[in-house]
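Look at the model below.

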Amino acid sequence: MNAPNSNLGATRWIGKRVPRKEDPRLLTGRGQFVDDVSLPGMLHVAFARSPIARGRIVSIDTQAARDMPGVHAVLTMADLAARPIKLLSFFFTEAEIPITPLADGHVSYAGEPVVMVVAETRAMAEDAASLVEIDYAELDPVVTIAQAKAAGPIHPGMDSNVAAEIGDEEIEDELEDKLAASTLRLSHRIVHQRISQSPMETRGVVASRDGPEELTLWITCQSPHLVARWVSLALGLPDTAIRVIAKDVGGAFGLKNHPWKEESAVIVAALLLGKPLKWIEDRYEALTASNQAREAEMTLQAGFDAEGRLTGSHGIYDCNNGAFPQGADSNIAVHMFVWAAYRVPAYAFVSRGWYTNTNGLAAYRGPWAMESLARETLLDRAARQLGIDPVEIRRRNLVYLTDQPTVTGMGIPLDDITPGECLEKLLDHFDMAAFRREQMAARAQGRYLGVGVASYVEPTGSAGSMAPMTGELAQVRIEPTGKVTATLSTHSQGHGTATTMAQCIADRLGVRYEDVSVFEGDSTRGGFSPGAAGSRQGVIAGGAAIRCSEMLADKVRALAAHLLNANVESVVIDDGMVRVEGAPEMARPLAEIAAIAYGEPDRLPAGFESGLEMQFRYQPPPMTFTSATHLAVVDVDAETGFVKILRWISSEDCGTVINPAVVEGQISGGLAQAIGMILLEEMPYDARGNPQAATFKDYMLPSISDVPTFEFVHANTPSKTIGGMRGVGEGGAIIGPPTLVNAIADALSPFGELGDVVLPLTPARILDVIEQRDVSGVHAPEPVRAEPAAPAPVVAEPEPVAEAPASSAGPEGDWNMVLKTPMGPQAMLAHFDVSAGVLSGYLSAPEGRQDFAGGTVEGNRLKFDLKVEKPMKITLKYDLEISGDAITGKCKMGMFGSAKVTGERA
């Protein structure tokens, strides 16, 4: 962390609970959301959607819809094809499967848009859409992960339903030996239900073509800058032709990273028709047709010695990607961070995403949260099996500051995480011994109390390792009036960035918080950034705002020193006044200095640029970790299975706290979502692929009575970033679920082990444990019993397999290869040379060329290492096999696991 400049005044704004700048506008109904936008001549859009999950489109009859009053156009994919668009992922990569704005020849999930109607009002458009007649040849849908594994591919041209895959199926001998020799080898399974992001403001877009290749969008999104870049690449239009505006956004949570099918259809239609078009998703569409999240299964194995210390671990993760995910995903982050806070000698994994005939996958607050849920609930089960207190098993395995610097089992360097310290600080605020006495007394009275603890670290403020995850730009100027105007590429969907950035600027510039205005929400203001993604804005934009303000303050001091005939070192800016230490009579209002900077160039020092403005783009360290430990106390009613949360304590280390109220609000929001996921929310599908929760009567969100008053303990260790901040936006939704599950499991322990976790933990599922019978009617997978590991059986040596004959052409020459990375397929040209059995050559991609040497050739098998410096230092280990003109194999990518390689001779 950089220490504050010694020339700063006494008034500090960082760390204060100041009123949010956004609140007066939002609380008095003066916010501007997409549906508030109205343009001259604007028309409205509604969609005719598929009522089936899978089938071929036989015919579409739109005549009745076209004849309706007020209808201007009825469009199918054949019409939209006149203006091609590529639906890209968050990483700006194309999918392996065709994804079109409207269904093209076949439908792949219930609710998929097939026909769009453009009319003078939304009601007219909906009425006309209901008259579109579509004939389908229905096929049996693939709905679940289990079905996806067994069924043929749902997408033509694919070999299977595997959407993404990384890792190794087999456990290597060294890890297997560690697990086999463990005192306890425990396998623990989590089945996470599908959820809807359910933002308060549904998706929506207004698209207006302002010229032949000029486009203005008002869209509910997480970053106008990212949407402008996405649309530019998707349509092949230059960036400068696209303006994206999003003044206020009512929640996003990952769903609104970029446009998807419906928004893309509206954009293309606006370009084709030359008229402004508006589409606002209604709540029925939001629940049944929007992309969804979280449906996944994970089996986590871990070994422990007799004292409860970890010996090794292995994870198997499967994720339902739906039909058209916003990015095919096997969720590598689950494995990167599953043991990041713990000392585990070895970890390996295999991870897959699966295509099904359901709504596509999108991000949701902390998309990798399964790692904490699986790990922390497994640790509590292990503690009970070993007779160790759950707090103590964490103390024996967590990473403390005294253990650092160190490297995780996945190769991630650690030097300033504090999960252990957060645990100790939390326990200073909770008397565990007193609770256990209260718990025993309550059980004697027929009340079942439980306490749950969970610890984690979260990667925040990532920049430089993925295409969209960049630094942040701050532009700050002091107006001739002395007021301060800042333009940033941040974007709030409730984050309070206009407040926190103003605090950073006021703190370092020496002005009043009230005198700073922050502008955001327009792609033509500021520079590119992904906005609200990955708990990054406080870390990176805060650092940019701080450093930019410091640079501007230096400029003010230089000018003031010249005008007042003083030393620069003696000039202090505080509360909007420029003072000279030891000479109070020389104090001047900042407005006076600013007026001279703009309007009296003859009074400026030589070489001094007129005006008072500065900009700075901050490129932070690749990753900044936030640490936390949470504790929850619950009361489980043994008669009804209802859970009441009595107390919740958050001990979070988010570094320098810009505004405690904003930090606590972010944590609270994530925890409310965590409570919903564990106890209430579920988006089920029936056997025909129909979503079964179409209203909030069926899809149950937490209410105010479900959410307790949270207690906060701030364990602030400044990070190595400018300002010392750590991200906090996603933490509550990550650490909240295992905290609550562990509390419930502790309350239920007199009745038996909760075992494998199948979410949500409805009252009926809790009664399954209490009454030891199938009350819920949902049979959870049979839990794997935790027993001391038996000696490994002796396995007969397999018969030797003859090697495939070497290709007569040999490996020399050029090969077109594809590496299936976690961010999407990466195409490259490989060139191989062989001399005296030594392999050399290069790999070339649009990002650049990388040479290698010292590889080996054994028959048809090629092995070589590639040392990559950017975006991060990593050694890629290729192990390939040639069969004729085809090449296959894998690449070990360090912390990212093993990825498949396929290709053919060029």
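How many residues does the largest nonpolar core have, and which of them have the most contacts inside it? First, some ground rules. This is a predicted model, where local features need pLDDT of at least 70, side-chain atom pairs count only at pLDDT 80 or more, and totals for chains, interfaces and linings use all residues. Residues are numbered from 1 along each chain as its sequence is written, and side-chain values use heavy atoms, without hydrogens and water.

The largest nonpolar core has 126 residues, and W339, I744, F832 and Y878 have the most contacts inside it. Such a core is a set of buried Ala, Val, Leu, Ile, Met, Phe, Trp, Tyr and Cys residues joined through side-chain atoms within 4.5 Å. Buried means under 20% relative accessible area, with a 1.4 Å probe and protein chains only. Helix α19 (residues 731–748) gives the largest share of this core, nine residues. Helices are DSSP runs of H or I, at least four residues long, and strands are runs of E, at least two, numbered from the N terminus. A second, separate core has 60 residues, including F90 and L215.

Now take helix α13 (residues 419–427). Its buried residues are P419, G420, C422, L423, L426 and L427. They lie on the same side of α13, because they cover an arc of only 160 degrees around the axis. That arc is taken from the directions from the helix axis to the C-beta atoms.

What about disulfides? The structure holds zero of them (pairs of cysteine sulfur atoms within 2.5 Å). The sulfur of C654 is 9.4 Å from the closest cysteine sulfur, in C422, too far for a bond.

Key. Buried means under 20% relative accessible area, exposed over 50%, partly exposed in between (1.4 Å probe, protein chains only).
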